[in-house]
Amino acid sequence: AVEAAAKGEADFKKCKACHSIIADDGTAIVKGGKVGPNLYGVVGRPAASYPDFNYGDGIKGAAAAGLVWDEALIAEYVVDPTKFIDSHGGTGASKMTFKLPKGGEHVAAYLASLKK
């Protein structure tokens, strides 16, 4: 798991154009964009629940269906976000247009490692 998290930390460089990782106390673990929600604590968090973030209707539909992020779901999501939404209770395109065909499980392990 440590090795996967280390690989995921490197892979997260592809994600930080849109996402930051800011700890609950305000510490910036990764300074990144604000286009996507803060990903600190995303593992175990209900989908579309980061406060004051304007989520798209597709992911809100998946959230209404009860989606709670875990490592496997994050790894699946990043491969094709719109396809994921359509197969997890939502409809419509994801606002996340980026696709990460390989390494999603490492990014998920990294995100999980940040908040114990």
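Student: Which exposed residues does the face of H2 turned away from its buried side carry?

Tutor: The model is a predicted one, in which local features need pLDDT of at least 70 and side-chain atom pairs count only at pLDDT 80 or more, while totals for chains, interfaces and linings use all residues. Residues are numbered from 1 along each chain as its sequence is written, and side-chain values use heavy atoms, with hydrogens and water left out. Helices (H or I, at least four residues) and strands (E, at least two) are DSSP runs numbered from the N terminus; buried means under 20% relative accessible area, exposed over 50%, and partly exposed in between, with a 1.4 Å probe and protein chains only. On the face of H2 turned away from its buried side, the exposed residues are Asp57 and Ala64.

Student: Why can the buried residues of H2 be said to line one face of the helix?

Tutor: The buried residues in H2 are Gly58, Ile59 and Ala62. The arc is that of the directions from the helix axis to the C-beta atoms. Seen down the axis of H2, the buried residues line one face because they fall within an arc of 90°.

Student: Which helices are included in what covers the buried residues of H2?

Tutor: Cover is judged here by contact, meaning heavy atoms within 4.5 Å. The cover over the buried residues of H2 includes helix H3 (71–79) and helix H4 (81–86).

Student: Which residues are buried in H3, and what is included in their cover?

Tutor: Leu73, Ile74, Ala75, Tyr77 and Val78 are buried in H3. Their cover includes H2, H4 and helix H5 (104–114).

Student: Which residue caps the N-terminal end of H3?

Tutor: The cap involves a side-chain oxygen that lies 3.2 Å from the backbone nitrogen of alanine 72. The residue that supplies this oxygen at the N-terminal end of H3 is aspartate 70.

Student: How many aromatic pairs are there, and what is the geometry of phenylalanine 53 with tyrosine 55?

Tutor: Rings of Phe, Tyr and Trp (its six-membered ring) pair if their centres lie within 6.5 Å; planes under 30 degrees apart count as stacked, over 60 as edge-to-face and the rest as tilted. By this rule the count is five aromatic pairs. The rings of phenylalanine 53 and tyrosine 55 have centres 4.8 Å apart and planes at 70°, so the pair is edge-to-face.

Student: Which aromatic cluster includes Tyr77 and Phe84?

Tutor: Tyrosine 77 and phenylalanine 84 form an edge-to-face pair, with 5.2 Å from centre to centre and 85° between the planes. Both tyrosine 77 and phenylalanine 84 are buried. The cluster is formed by Trp69, Tyr77 and Phe84.

Student: Is asparagine 38 buried or exposed?

Tutor: Asparagine 38 lies in the loop between strand S2 (28–30) and helix H2 (57–64). Its relative accessible area is 7%, so asparagine 38 is buried.

Student: With which side chain does the side chain of asparagine 38 make a polar contact?

Tutor: A polar contact is a pair of N or O atoms within 3.5 Å; within protein, one must be able to donate a hydrogen and the other to accept it, and residues adjacent in sequence count only if both atoms are side-chain atoms. The side chain of asparagine 38 reaches the backbone nitrogen of tyrosine 40 at 3.0 Å. Not counting residues up to four places away in sequence, asparagine 38 touches Ser20, Ile21, Ile22, Arg45 and Tyr50. The side-chain partner in the polar contact, at 3.3 Å, is tyrosine 50.

Student: Which residues of H1 are buried, and what arc do they fall within?

Tutor: Ala5, Gly8 and Asp11 are buried in H1. These buried residues line one face of the helix because, seen down the axis of H1, they fall within an arc of 115°.

Student: Which residues are exposed on the other side of H1, and which helix is included in the cover of its buried residues?

Tutor: On the other side of H1, the exposed residues are Val2 and Glu3. The cover over the buried residues of H1 includes H5.

Student: What pattern does the protein follow along the sequence?

Tutor: The secondary structure consists of five helices and two strands. Read along the sequence, the pattern is α-β-β-α-α-α-α.
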